[in-house]
Amino acid sequence: MFDDVSIRFQHVTKQYHLDSPVSGGFKNLMLHLPSQVKAIWRRQPFRALVDVSLEVHRGECLGVIGPNGAGKSTTLALIAGVLRPTSGRVETRGRICPLLELGAGFHPELNGRENIVLNGVLLGLTRREVLDRLDEIIAFSELGQFIDAPLRTYSTGMIARLGFSVAVHLNPDILLVDEVLTVGDEAFQQKCLRRMQQFRMRQATMVFVSHDLNTVAQISDRVALIEGGRLVDIGEPSRVIGSYQNRLRAA
Amino acid sequence: MNTALPAVAPPAARILVYYRDLILVLLAKEFKVRYKSTFMGYAWSVMHPLVLAMIFFTIFRVMMRFEIPDYALYLIAGLFAWQWIANTASTANFYFLGNRSLIKKVSFHRAALVLAGVVNESVHFAVSIPVILGFMLYYGKTPRLDWLWVVPALMLVQLTMTFGMGLVIATSNLFFRDLERLVTLVTHLLFYVSPIVYAADKLPPEYNWILYANPFASFVLCWQGVFYGTSVPMVYFGVALTWALGWLALGVLVYSRNVWRFAEIV
């Protein structure tokens, strides 16, 4: 793997089996045993990604766009290493930090500080490393005295702020952002965007999934368009976004 | 396949520290959550077996005149150990299912959730030992020197068993969502085929195999040996150890075969 490549997909295909026959529960399985067993053979695999090859370089920000269900989140999950490709290869270099959806990895009964430590360790840091960054994280989150209150007393925006603050202070080599900036007020969103710019200066790689095409254009170096599991286009942001918008209008 | 190369290879020491921290942080979470919202926390965790003991004492001693000496202590000795197993079996259903969003996004070692959960249950048992001790003193029995090695050894064996069982239940419940009810039912059944409210020697000899076949009975018998009897029955200690290793092997197998599908299925 070349030194400046941080993420590489080689002919990556990911299939899911829609609805596992046993997920209907044990009772269902037992009551309809013959038909359920047949269903195991008959079920159709769903191809969430088909033969995707791409490379993201170190320090690059790749925007990923496409309609709902196109395979954007699957792409992120493959990079994060929570999914394994059905065929092909996914290579990544460095510590990966996904920006979690609202409140994931937080516990409502714990206070802000305790949640920062919990989240930081789940995301791959040791306790010491999180504690060293604790003050910085708290300052960035602008939560003030709420930091000592249980998370259940927080507003949605405050939880989002805490989550973002943790993620961006873990200094990951690869930051995965999945449509989370839409929460939080305008000022905080701007602060997050500035922080992401700093990321790139530090040679950190970022993959940014969003439906907000303006933001994607603003922060991406390149944009990948995924439709129906296929990588349709990848390249210069304004060109790819432009062609996506044209197709949307045509449709 | 996924290949993750670290930017700078972390030293082995950091990896060890990391896993220690992961377990500690998850454990701390469980503890704070359990004891924070209710100042009665500790009392609640010993209340359940105590109330059960009271019920069985009333039924079998007061009403049915069971002739087991120091019957209350006998009940307590078995019930606390049982509660540890039963609590693990029921909470294990949610070790993975209750952490969906994490499993979907972050690739940390998922077995840590199970380990933290079962260690948590073992600590609850450990902190309830003083209550059992209180009953012992009331019946004029005192701690013995062999506790120094027997108690830690038994706890370790039972922890191993619950870890294996936790892996099996937590993993299976992702695939069979109503496993929870089955687990409740089976636990209930096994309770009554374990010598907890009755004495093992009251079992007709032709049913003695139950004490070996029941995956939990040997543990109960060992703990009764510690707190009620005079020594740990070595035969049952061997049986318990065998069950523990069996559960561990099954747990590791079930878990490692399916861990890659967790994010797809939760």
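Reply: With 15 C-beta neighbours inside 10 Å, Asp51(A) counts as partly exposed, a class between buried (20 or more other C-beta atoms within 10 Å of its own) and exposed (12 or fewer), with C-beta atoms placed from the backbone. This is a predicted model, in which local features need pLDDT of at least 70 and side-chain atom pairs count only at pLDDT 80 or more, while totals for chains, interfaces and linings use all residues. Residues are numbered from 1 along each chain as its sequence is written, and chains are lettered from A and ligands numbered from 1 in the order in which they are written.

Me: Where is Asp51(A) found?
Reply: Asp51(A) belongs to strand β2 (residues 45–57) of chain A; strands (E, at least two residues) and helices (H or I, at least four) are DSSP runs numbered from the N terminus. Its phi is positive, about 45°, although Asp51(A) is not a glycine. Most residues other than glycine have a negative phi.

Me: And Arg65(B), buried or exposed?
Reply: Arg65(B) counts as exposed because it has 7 C-beta neighbours inside 10 Å. It lies in the loop between α2 (41–63) and α3 (71–92) of chain B, and its phi is also positive, near 60°.

Me: Changing topic, how many residues of strand β3 of chain A are buried?
Reply: Five of the five residues in β3(A) (residues 61–65) are buried. Cys61(A), Gly63(A) and Ile65(A) cover one side, with Leu62(A) and Val64(A) on the other.

Me: Now chain B: at what angle do α7 and α11 pack?
Reply: Helices α7(B) (residues 147–175) and α11(B) (residues 234–258) pack at about 30°, with axes 7 Å apart; axes are lines fitted to C-alpha atoms over the stretch in contact, and angles run from 0 to 180 degrees between N-to-C directions. That makes α7(B) roughly parallel to α11(B), a label for angles under 35 degrees.

Me: Which residues make the contact?
Reply: Among them are Val157(B) and Phe163(B) of α7(B), and Trp243(B) and Tyr255(B) of α11(B), contact meaning backbone-placed C-beta atoms within 7 Å.

Note on methods: Parallel < 35°, antiparallel > 145°, perpendicular 65-115°, else oblique. Contact = placed C-beta atoms within 7 Å.
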